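Here is a short report for a reader meeting this structure for the first time. Please look at the sequence and the model before reading on.

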Amino acid sequence: QVQVVESGGGLVQAGGSLRLSCAVSGISGSIFRLNYVGWYRQGSGKQRELVASITGGGSTNYADSVKGRFTISRDNAKNTVYLQMNALKPDDTAVYFCNAPVLGRNNWGQGTQVTVAS
C-alpha cells in the first residue's frame with residue numbers, strides 16, 4: 001500500500017523558514033520518479049488549496065500567494081518531495097498535506113501543522 005508521511009512542521013516567527021518533507025513508500029523508485037506530487041494546505045475555517053506541485057519531469061507550479069517564497073523539489077533516490085518555505089507569514093498558518101496519486105488514486109498523508117506567529 002502507498003504510504004505518505006509529511007514532516008517538518010512547527011512554530012516559527014514571521015519571516016522565518018521551514019522545510020517540509022513528504023516521504024512516499026509502497027511504490028518503487030522507478031514509479032515515484034514519474035509521479036506528480038502536490039503540497040496542499042488547509043487553514044482554520046478555510047478550504048484546502050494547492051500550494052505547489054511538481055511533475056515527474058520536474059515541472060513546478062505555485063499558488064500566487066507563495067510564489068517567490070516557497071520552492072518545491074524532489075529527491076527521487078529517497079522517494080521524497082520537499083517544500084522549502086521562506087519569508088513565512090501568519091497567513092501561511094495551516095495544516096500542510098502531501099498528495100502522491102498513483103494510477104488516478106489519491107494518496108494523502110496525515111498532514112503537518114505549520115504555525116507562523118506575528
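## The disulfide

This is a predicted model. The count of disulfides comes to one. C22 and C98 form it, with their sulfur atoms 2.0 Å apart. That distance counts because the cut-off is within 2.5 Å. The pair links distant parts of the chain. C22 lies in strand 3 (residues 18-25), while C98 lies in strand 9 (residues 94-99). The two cysteines are 76 residues apart.

The torsion about the S-S bond of C22 and C98 is about -80 degrees, so the disulfide is left-handed. C22 has a relative accessible area of 0%, so C22 is buried. C98 also counts as buried, because its relative accessibility is 0%.

## The nonpolar core

The largest nonpolar core holds 28 residues. Within it, W39, L83, M85 and Y96 touch the most other members. Strand 3 gives the largest share, four residues.

In soluble globular proteins, nonpolar side chains tend to be buried together.

## Around Y96

Which residues does Y96 touch, not counting residues up to four places away in sequence? The list includes W39, L83 and M85. Y96 also touches E6, L20, Y40, R41, V51 and F70. G111, T112 and V114 complete the list for Y96.

How values were computed:
Residues are numbered from 1 along each chain as its sequence is written. This is a predicted model: local features need pLDDT of at least 70, side-chain atom pairs count only at pLDDT 80 or more; totals for chains, interfaces and linings use all residues. Side-chain values use heavy atoms; hydrogens and water are left out. Buried means under 20% relative accessible area, exposed over 50%, partly exposed in between (1.4 Å probe, protein chains only). A nonpolar core is a set of buried Ala, Val, Leu, Ile, Met, Phe, Trp, Tyr and Cys residues joined through side-chain atoms within 4.5 Å. Contact means heavy atoms within 4.5 Å.
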